Amino acid sequence: MWRTMCPKPPWFLSSISGRSGSESVLRQSSMKGKVRKTCKSKKLPCPSVLNHFDQQYSEELGDLWAPARAVLLDPPSWQYGVMLNRFSSVADITQLLLAQGFSLLLPQTDVSKLPYNNASSVSNSTHQKGKGTLSHLYFSKCPPEDLSLQPFITYHASSQPHQSELPLNFPQSSLQCYIHLHPLRFPSQPHRPGQLKQYYLLNAASLLPVLALQVRDGDKVLDLCSAPGGKAVAIMQSATPDLLCCNEPDPHRREWLAKTLESFLPASLSSRVMVSAQDGRSVGQSESGFYDKVLVDAPCSNDRSWLYSSDRHRGQQRLEHRSRLPLLQAQLLRSAISAVRPGGVVVYSTCTLSSLENSAVVETVLNDFPDAEVENLWEEIALPLSKYFAFISLPGHAGIDPQPFLCPQNVSASCSHHRLGILVVPQPGKAWGPMFLSRIRKKG
């Protein structure tokens with residue numbers, strides 16, 4: 001079956017070479033003790049998109065929209081995460097991160113005890129020394145986004161890791177992501193065939209759907225809309241599933257996905273990680289009930305990216321396309337629920353604030369699946385991580401509260417506003433997101 005879906009080796013493609021669009025060069029000698037700032041003209045928001053956001057989000061988010069708007073319009077305030085690759089040697093990068101004042105987002109398990117952890121045997125972390133450069137070319141479903149806007153900050157810190165201050169009952173993870181209170185950004189590493197990268201740069205909120213998926217060793221997992229591959233990489237940092245099928249029907253995005261996998265996963269995992277080219281809307285029929293876990297990181301109207309559409313015409317095109325997205329998203333979610341086994345889970349996520357693409361999609365699809373139910377992520381993820389992210393949760397499109405509930409820090413009480421999912425809203429000092437996630441379990 002998998003040979004039919006994935007007829008070629010998953011990511012070890014000899015024809016793939018050169019530099020990934022979202023990657024740039026790390027020069028070790030220029031990274032010690034500082035983060036560089038490069039010069040580039042300031043991006044301007046697209047007026048038609050901003051006006052549309054103002055009308056929709058002021059109604060949906062109430063008083064939370066003004067600070068969220070301020071963050072989205074201020075790229076220098078955006079924060080970035082650095083996810084380390086457990087299959088590579090990362091001791092030098094860890095020391096650089098600690099010297100810059102980064103700290104771990106999640107409590108850690110012992111990575112060395114995980115299956116297929118090859119960090120000690122991989123010799124791929126050597127970089128040429130010289131003057132550091134940054135590439136301004138990037139493509140991302142949820143980009144962290146402006147490589148050029150990096151404040152020049154020299155930070156002297158203890159060489160000991162800053163551990164996450166999460167509740168003791170929060171599950172430990174082998175996923176190592178470092179974050180900073182300030183908007184510091186490491187430069188990316190280039191794609192080099194046959195050599196594993198040490199880290200992946202991302203908006204740390206994009207890891208939340210992976211945490212919600214709760215992948216365990218031996219699971220069969222489907223990443224339904226996988227390109228560019230960041231969440232697939234994060235899944236493999238979290239566990240060693242028996243199978244991870246990364247689906248991407250678009251050939252150009254699929255090549256990009258393959259390059260990402262080649263850059264982060266060793267050849268020893270080639271029998272476990274597959275690349276599929278199916279239409280995601282049909283997987284529920286062709287693979288009905290096969291998977292333990294399915295991630296639907298759906299195509300969406302990426303607020304951060306769309307706000308900076310190149311011109312009015314492009315912005316108007318995107319707004320017209322936006323109205324058609326909920327239908328596609330609902331079709332993908334239906335397919336995912338059909339593809340998961342009884343007792344299995346589906347996580348649906350987007351990187352937009354729009355309730356029409358978030359809670360409304362979940363609510364619509366659940367009406368067609370009486371054997372599926374939404375699980376509570378409020379107490380599992382939102383409350384424990386409220387120190388780092390600004391969460392809200394809406395009860396559904398039909399009953400939107402014009403003043404949605406913002407998760408306060410250090411609150412342990414249960415909250416009734418968790419019915420359809422949780423939403424990370426960018427706020428000053430917590431400039432992560434947008435990111436919506438909902439976990440649906442098919443009853444066994």
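**Exercise 1.** Find which helix supplies the largest share of the lining of the largest pocket.

*Solution.* Start with the ground rules: this is a predicted model, where local features need pLDDT of at least 70 and side-chain atom pairs count only at pLDDT 80 or more, while totals for chains, interfaces and linings use all residues. Numbering runs from 1 along each chain as its sequence is written, and side-chain values use heavy atoms, with hydrogens and water left out.

α10 (303-306), α11 (312-322) and α12 (325-339) each give at least two lining residues.

**Exercise 2.** Work out which lining residues sit closest to the centre of the largest pocket, and how the lining divides by residue class.

*Solution.* A pocket is an open set of 1 Å grid points over the protein atoms alone, where a 1.4 Å probe fits, with protein on both sides within 12 Å along at least five of seven lines; lining residues have an atom within 4 Å of a point. Of the 26 lining residues, R253, P299, C300, H321 and L328 are the closest to the centre. Now sort the lining: 10 nonpolar, 8 polar and 8 charged. Here Asp, Glu, Lys and Arg are charged, Ala, Val, Leu, Ile, Met, Phe, Trp, Tyr, Cys and Pro nonpolar, and the others, Gly among them, polar.

**Exercise 3.** List the contacts of I381, leaving aside its neighbours within four places in sequence.

*Solution.* Take contact as heavy atoms within 4.5 Å. That gives L208, L211, A212, F391, I422 and L437.

Conventions
Helix = DSSP H or I, 4+ residues; strand = E, 2+ residues; numbered from the N terminus.
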